[in-house]
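Colleague: I'm new to this model and would like a close look at one part of it. Could you start from a single side chain and then show me how its surroundings are put together?

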Amino acid sequence: YKLSVAPEMDIIEYCRKEWRGNTPVAKRMRKGYEAVAQKFTSIRRVRGDNYCALRATLFQALSQATQLPSWLQSEDFTMLPENLVRKHNWIKQWQLKQKLGRKMGEISDEIKEYLMLLRKKWKNISEIKGPTEKQEACDKLFKNEEEEYSLYEALKFLMLNTAIELYNDDKNGRRVPVFSWLLFARDTSSNPCQLMCNHLNHIGHSGGLEQVEMFLLAYTLQYTIQVYRLYKYSTDEFITLYPNDPEESWPVVTLITEDDRHYNIPVRMCEETML
């Protein structure tokens, strides 16, 4: 099995290897990496398929998990697929990785298994006290392709559920975050069914997460995703938060991107910034 998240490497060394030239882009990237290196000493490369935003976020969340999030604790959490399919027949068009054309009856059971796996892994890893042991458990999980991809299916399904809730809240006149309007303002996702067919079904297959879907992921996990967007160095978008007005109680995970398509993860906070 190959590890989906490579071992750590010194951030500045990594940058020197990747960005050697003297083009404006290379200079900007080096400046960006230097700024990240003020806070973190190392970087871990994330496998670059179309799951990399989900992979980087989940890996970071699990690496620092100390408890099970409240949404994973709810009684009816694993009943979600059945309940949603009962209300929305179109969910039968959900496409599981490598299992295209399956009937939703079976898919419903499979997604239930994936949700149970997510809860189990999150619980087990969050109960590990030692940071080294916790890291080893995460590395082990992200070497197991079968389990890893099952977790992404669970996350995608939870994103769909969040999108349905936001859509209904808006229709019923309740306040929704701004990104929710943007999510459903696209021609390709004016409602949750379109979002599923044209976007969520493609994540991991033919496309990754778009900007507005990063907001949806953060909202779903109830985590703030802080991203160093290196190509935006020296603009006010260099460090972008999803969502941009996060709840104070939400934990924060940090990612790095050079282009808003591929994400890597910074690790090991510098001693002085931890105090």
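Which helix is Trp181 found in?

Modeller: Trp181 is found in helix α9, residues 178-185. Before we go on, some ground rules: this is a predicted model, where local features need pLDDT of at least 70 and side-chain atom pairs count only at pLDDT 80 or more, while totals for chains, interfaces and linings use all residues. Residues are numbered from 1 along each chain as its sequence is written, and side-chain values use heavy atoms, with hydrogens and water left out.

Together with Val178 and Leu182, Trp181 makes a nonpolar patch on the surface, with about 330 Å² of accessible area for the three together. A patch takes residues with over 30% relative accessible area and no salt bridge, joining nonpolar side chains (Val, Leu, Ile, Met, Phe, Trp, Tyr) within 5 Å and like charges within 9 Å. The areas come from the Shrake-Rupley method with a 1.4 Å probe, and for residues only the protein chains shown count as cover.

Now for some buried residues, in helix α2. There, Ala26, Met29, Arg30, Gly32, Tyr33 and Val36 are buried. They cover an arc of only 160° around the axis, so they lie on the same side of α2; the arc is that of the directions from the helix axis to the C-beta atoms. An α-helix has 3.6 residues a turn, so residues three or four places apart point the same way. The cover over the buried residues of α2 includes α1 (11-18) and the strands β2 (40-44), β3 (224-229), β5 (252-257) and β6 (263-269).

Strand β6 is also where you'll find Ile265. Ile265 is buried, with a relative accessible area of 0%. Setting aside neighbours within four places in sequence, the contacts of Ile265 (heavy atoms within 4.5 Å) include Val5, Ser42, Arg44, Phe59 and Leu255.

Charged pairs come next. Side chains of opposite charge can pair when their charged atoms come close. The structure holds 17 salt bridges, each one a side-chain nitrogen of Lys or Arg within 4 Å of a carboxyl oxygen of Asp or Glu. One of them joins Glu145 and Arg47, with 3.4 Å between the closest N and O atoms. Glu145 lies in helix α8 (residues 145-171) and Arg47 in the loop between β2 and α3 (52-63), so this pair ties together parts that are 98 residues apart in sequence. Glu145 is partly exposed at 37%, whereas Arg47 is buried at 17%.

Arg55 and Asp49 also meet in a salt bridge, 2.8 Å from N to O. Arg55 is buried at 0% relative accessibility, while Asp49 is partly exposed at 23%. Finally, Arg229, Lys232, Glu237 and Asp260 are linked in a network of salt bridges.

Notes: Buried < 20%, exposed > 50% of the residue type's maximum accessible area, 1.4 Å probe, protein only. Helix = DSSP H or I, 4+ residues; strand = E, 2+ residues; numbered from the N terminus.
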